[in-house]
Amino acid sequence: MQKSQQLFEQAQKHIPGGVNSPVRAFKAVGGTPPFIVKADGPYIYDADGKQYIDYVQSWGPMVLGHNNPKIRQAVIEAAENGLSFGAPTESEVSMAELVNKLVPSMEMLRMVNSGTEATMSAIRLARGATGKNKILKFEGCYHGHADSLLVKAGSGALTMGVPSSPGVPADVAKHTLTMEFNNIDSVKKAFAEFGDDIACIIVEPVAGNMNCIPPVDGFLQGLRDICDQYQSILIFDEVMTGFRVSRGGAQELYSITPDLTCLGKVIGGGMPVGAFGGKAEIMQQLAPTGPVYQAGTLSGNPIAMAAGLASLTQIQKPGLYERISLATKTLAEGIKAIALEHGVPMTVNYAGSMFGIFFTDIEKVTNYQQAINCDTEMFNRFFHSMLSKGVYLAPASYEAGFVSAMHDLEIVEKTLDITKQVFAEITA
Ligand code: PMP
């Protein structure tokens with residue numbers, strides 16, 4: 001860790017916390033983050049030459065594994081023609097058609113540059129299209145860092161939201177209602193009181209920012225029904241789940257059709273990309289066809305489109321998702337079995353190639369309060385021991401893990417062998 005340590009100290013002089021996105025700083029688990037120099041398949045390599053099996057996968061986008069040769073080649077070829085034109089290109093048309101083929105509810109879509117931009121724009125569009133002010137989101141879901149989304153529940157279940165970060169005006173936060181994930185009754189109550197003024201519900205259909213929490217039976221359908229009843233817009237934030245929990249995202253996995261979908265990460269194959277889209281009649285409210293303003297100088301960037309097209313083309317390979325899902329299940333169930341053998345209570349959740357490990361004796365974790373009540377001290381010990389033995393997990397107990405197509409069963413077995421050593425060490 002010598003080189004990483006030195007870089008981390010240097011980084012903190014000119015970058016707040018030494019990082020360009022907070023969770024990378026290892027604040028939750030303590031210690032020095034390895035500085036990464038390259039990645040390939042299931043592995044990442046740090047500045048000190050150490051190899052890790054990577055279960056973060058750049059926080060989701062690398063469904064095909066790192067440094068996929070076809071994506072790399074597509075990027076190199078596109079770069080030969082220039083990096084940005086600020087004018088329409090054929091690759092944007094191909095991308096829109098391909099996304100629509102894979103996620104049919106996205107009849108029309110707009111490319112943006114991050115997940116944050118996708119959700120922020122989708123919410124403006126929902127408000128613009130409905131003429132309503134409030135939005136409803138869920139405790140523990142993360143939708144990027146736009147002002148109206150950095151909001152937590154007020155003191156009573158049905159009070160107006162309050163900012164969860166300084167810098168978010170209370171006047172903005174008051175329009176955001178925050179309900180309990182997987183609790184449809186709380187949503188019904190909110191709509192009974194404020195339904196006439198709720199523009200949209202935004203939800204991570206499988207929550208991936210409070211560890212991994214899939215929807216309980218009926219939850220997503222309940223949201224669909226309530227939105228239909230009140231003419232509110234249902235937004236699925238599939239920034240994590242899109243092209244990951246299944247080829248067509250969570251909406252395909254659970255057979256629920258949202259009005260708008262937000263995508264990010266995976267759609268760029270590792271480039272900074274996002275997208276939002278949905279029903280044509282709603283999307284046509286956007287400028288220049290409609291009055292709701294949204295724009296982006298680098299949106300639909302040719303290099304990003306080339307990477308995305310190469311990524312989305314390859315994910316169509318038959319059997320790919322079945323294979324990654326099996327690897328994920330084998331890994332999650334394997335870790336749980338080892339923990340239980342060592343007398344450590346654990347439960348696991350997984351959906352497609354997302355998984356969550358919870359150090360808890362609760363049988364099934366379904367909401368934020370349960371997720372944050374897990375044994376974080378035990379997780380931190382587990383995390384550091386795995387890291388020292390060459391397995392890179394998300395550096396916080398409330399983050400989901402990701403498996404790629406390059407994590408074959410051999411890599412999973414290798415991880416489980418290391419896990420056995422880790423539990424022997426941390427329970428000794
Ligand atoms: N929505 C979800 C579900 C996310 O997980 C994230 C990022 N982790 C975002 C939105 C924001 O995306 P970005 O970091 O690209 O702005």
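Ser58 sits in the loop that runs between strand β3 (51–54) and helix α2 (69–79), where helices (H or I, at least four residues) and strands (E, at least two) are DSSP runs numbered from the N terminus. The model is a predicted one, in which local features need pLDDT of at least 70 and side-chain atom pairs count only at pLDDT 80 or more, while totals for chains, interfaces and linings use all residues. Residues are numbered from 1 along each chain as its sequence is written.

Although Ser58 is not a glycine, its phi is positive, at about 55°. Most residues other than glycine have a negative phi, and most peptide bonds are trans. Ser58 counts as partly exposed because it has 16 C-beta neighbours inside 10 Å; with C-beta atoms placed from the backbone, a residue is buried if 20 or more other C-beta atoms lie within 10 Å of its own, exposed if 12 or fewer, and partly exposed in between.

Lys265, in the loop between β11 (260–264) and β12 (274–278), is likewise not a glycine and has a positive phi of about 45°, but Lys265 is buried, with 27 other C-beta atoms within 10 Å. A cis peptide bond, with omega about 10°, joins Ala287 and Pro288, and Pro288 is placed in the loop between α9 (280–283) and α10 (302–314).

Strand β13 (residues 347–351) is largely enclosed by the rest of the structure, because five of its five residues are buried. In a regular strand the side chains alternate between the two faces of the sheet. On β13, Thr347, Asn349 and Ala351 are buried on one side, and Val348 and Tyr350 on the other. Five bridges join β13 to the antiparallel strand β14 (residues 354–358), two strands being paired if DSSP finds at least two bridges between them.
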